[in-house]
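Please report on the fold, the charged pairs and the nonpolar packing of this protein. Keep it brisk, and give the cut-offs.

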Amino acid sequence: MLVKEIIEGYNESVSFTNQIGTFTISPERVKYTLLRNKYYQIAKEVYDQYVSDWSHYQHCNAFRHLADRKLQKVLTEKMEEVKNDLISVGIFDVDTPSLMEYADQSGYFAEYQMAYDAFEQRVEQINGNLQYEKAKREYRKENRARWVGGTFSSRSNYIDDYMHQAELGMRNMAEGAGHTLVNAVGNAVSTSNANRQLNDLFRNQSVRDLLNNGVLNAVWNLHFVLMDFLLDKLNICTWDFPGTEEKEKAERMLGNINSTVLSDEERKEIMKEAFELNPYSEQLYKAMFDYYPEDVDNITELAEYFGCDIESEKEKKAYEFLMENIGTTEEEAKSAKENLLEYYSKIGITDYENLPSYQHINSVLDKFDLEYRTVDGVVFDTRDDADLAKAELSDIQEFMSTIQKPTKEDTLKYEEELKQKRTEFEERFQSKLKDKYLTVIDKYLIDFDKLFCTISLFKKGTRKEAGQAKAVNFLKKHDTSTKEKREEALQLLREYLPEIGITEAEATDAMEYLKKKEHEEYYGKESSISKITKGLGSLFKK
């Protein structure tokens with residue numbers, strides 16, 4: 001819709017009625033609202049794209065090289081809409097570059113420029129270049145000095161009010177930007193951490209929010225450029241725009257809306273007067289919704305007409321409603337979700353899947369479900385599977401209490417019995433919980449093999465080699481000092497050999513040990529000196 005259609009086609013009042021009363025909007029305010037909303041949609045489109053583009057920049061320098069130039073191009077493109085609006089009412093001696101220069105020098109881009117300058121200055125501080133693009137900054141400073149220093153004589157009061165408010169906002173924003181940007185990263189103390197600090201600065205959400213909002217307002221302010229030219233060229237001042245005093249008074253009144261001394265009628269009167277002062281206040285519609293949520297459709301219609309969004313307030317109310325009813329059990333949480341869905345419908349929320357309240361109740365229910373499906377540390381796919389596991393759990397634990405960990409003294413008999421128990425366990429139990437304990441049994445089997453094959457602290461061998469060593473160790477634990485004792489030990493060894501997996505013919509080291517003990521019985525033990533002499537003698541054999 002071109003501005004000519006707005007000026008010529010909307011010359012009647014518009015009324016809205018809700019539980020609070022009837023709200024009538026003058027033709028002048030209708031026109032300004034349509035113009036304001038038109039350029040907000042243009043600004044929101046640019047804002048959304050700017051926010052989306054953050055994900056395309058891989059690092060800080062990529063953003064610096066592309067984002068500002070890209071925005072300048074977009075601003076120029078959107079200024080075409082201002083030019084077309086001016087042409088539609090017969091102002092032909094305009095071009096986009098002159099409109100851009102006027103907007104820049106008038107301070108309409110200042111919020112974005114100051115945020116971006118603060119960002120760039122912080123980058124240069126990190127890089128150690130404190131002289132950061134001095135000429136560029138001085139140029140912008142000079143332009144903004146003209147903007148802050150006064151107003152254009154031909155402007156009407158509503159533009160003066162905006163510029164006064166913007167001036168204060170810019171100063172606060174600049175201080176806030178500096179504070180945010182400084183705190184986004186620490187002081188750069190060496191070249192080695194500069195890249196890390198630049199990355200922290202680039203990814204800091206508060207820094208991004210400053211730039212994002214600066215972009216939104218820079219584009220949205222294009223409608224002020226249009227209003228300036230309509231006034232200067234054609235003396236068109238057909239807009240009813242709330243001034244600073246009106247906005248501040250409305251804000252003060254709404255600040256008292258929750259006072260306990262107010263009657264319902266007095267509260268309604270405050271809302272009506274605040275509406276007359278500043279119908280663009282989201283604070284107003286949030287107050288309406290807080291006190292009259294059952295009339296949400298009419299309140300939402302009124303708020304949306306003035307470009308105000310109370311969806312966040314609806315979600316806030318929905319979250320409060322949920323937390324009051326969520327309870328502590330799964331059944332209470334299920335009931336709370338059903339009630340929440342009904343509440344969404346009641347207050348006009350249709351797209352709720354991504355809302356914090358909906359995600360929270362789903363998270364709570366998921367937690368309950370996970371707890372139900374978790375048995376003995378194992379998470380099952382379904383509740384039926386979990387029920388079966390719960391039914392078998394005590395019997396499984398009783399069965400496992402009969403199984404001991406392997407030790408270095410265990411023989412193949414332990415392994416055989418454990419394998420039998422494994423087969424019995426697998427056949428007896430049906431739930432998937434048995435897999436957890438089958439893993440335990442399988443580990444015991446592996447551990448047994450490692451222990452069985454360990455011959456000494458630093459030596460491992462095959463099962464045959466280990467069996468041979470165990471046979472010798474077995475005899476060493478028995479008295480073999482006499483013939484009778486050796487025969488007894490040999491008999492016991494023959495009974496023991498199947499448990500260590502070798503035959504008597506394979507127990508060669510054990511047989512040699514018995515022969516050695518027999519020799520010692522008749523000839524005595526070989527002296528240590530003799531052993532040493534034999535050892536030395538072997539060194540000189542050819």
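The report below goes from the overall make-up to single residues.

**Basis**

This is a predicted model, in which local features need pLDDT of at least 70, side-chain atom pairs count only at pLDDT 80 or more, and totals for chains, interfaces and linings use all residues. Residues are numbered from 1 along each chain as its sequence is written, and side-chain values use heavy atoms, leaving out hydrogens and water.

**Overall make-up**

The protein has 24 helices and six strands. Both are DSSP runs, numbered from the N terminus: helices are H or I with at least four residues, strands are E with at least two. Of the 542 residues, 43% count as buried. Buried means under 20% relative accessible area, exposed means over 50%, and partly exposed lies in between (1.4 Å probe, protein chains only). The accessible surface comes to about 30,000 Å². Carbon and sulfur atoms hold 49% of that surface. Areas come from the Shrake-Rupley method with a 1.4 Å probe; for residues, only the protein chains shown count as cover. Take the contacts between residues at least 6 apart in sequence: 68% of them join residues at least 24 apart. A contact means heavy atoms within 4.5 Å.

**Salt bridges**

A search of the whole structure finds 32 salt bridges. Each is a side-chain nitrogen of Lys or Arg within 4 Å of a carboxyl oxygen of Asp or Glu. Three of them are tabulated here.

| Pair | N to O distance |
|---|---|
| Lys-44 and Asp-48 | 2.8 Å |
| Glu-265 and Lys-268 | 4.0 Å |
| Glu-504 and Arg-494 | 3.0 Å |

Lys-44 and Asp-48 are four residues apart in helix H2 (residues 27-53), so about one helical turn separates them. Lys-44 is partly exposed at 27% relative accessibility. Asp-48 is also partly exposed, at 36%.

Glu-265 and Lys-268 sit three residues apart in helix H12 (residues 264-277), again about one helical turn. An α-helix has 3.6 residues a turn, so residues three or four places apart point the same way.

Glu-504 and Arg-494 pair across a loop boundary. Glu-504 lies in the loop between helix H22 (483-500) and helix H23 (508-523), while Arg-494 is in H22, so the pair ties together parts ten residues apart in sequence. Glu-504 is partly exposed at 33%. Arg-494 is partly exposed at 37%. Elsewhere, shared partners join Glu-330, Asp-369, Arg-373 and Arg-383 into one salt-bridge network.

H12 has 14 residues. From first C-alpha to last, H12 reaches 20 Å, close to the 20 Å expected at 1.5 Å a residue. The expected span is 1.5 Å times one less than the number of residues. The buried residues of H12 are Arg-267, Lys-268, Ile-270, Met-271, Ala-274, Phe-275 and Leu-277. They pack against strand E2 (21-25), H2, helix H11 (244-254), helix H13 (282-291) and helix H14 (296-305). Lys-268 counts as buried at 12% relative accessibility. Beyond four places in sequence, Lys-268 touches Gln-19, Ile-20 and Tyr-292.

**A buried arginine without a bridge**

Arg-36 is in helix H2. Arg-36 is buried yet has no salt bridge. The nearest side chain of opposite charge, Glu-282, is 7.7 Å away. Here Lys and Arg count as positive and Asp and Glu as negative; His and the chain ends are not counted. Leaving aside neighbours within four places in sequence, Arg-36 contacts Trp-220, His-223, Tyr-280 and Phe-306.

**Nonpolar cores**

A nonpolar core is a set of buried Ala, Val, Leu, Ile, Met, Phe, Trp, Tyr and Cys residues joined through side-chain atoms within 4.5 Å. The largest has 102 residues, and Phe-63, Leu-211 and Tyr-285 touch the most other members. Helix H3 (residues 60-88) gives the most to this core, with ten residues. Apart from it lies another core of 40 residues, among them Phe-399, Phe-452, Leu-490 and Leu-497. Outside four places in sequence, the contacts of Tyr-285 include Phe-275, Pro-279, Ile-299 and Leu-302.

**Positive phi**

Asn-235 has a phi near 55 degrees, a positive value in a residue other than glycine. Asn-235 is in the loop between helix H10 (222-234) and H11, and is exposed at 61%. Asp-376 is not a glycine either, yet has a positive phi of about 55 degrees. Asp-376 is in the loop between strand E3 (374-375) and strand E4 (378-379), and is partly exposed at 27%.
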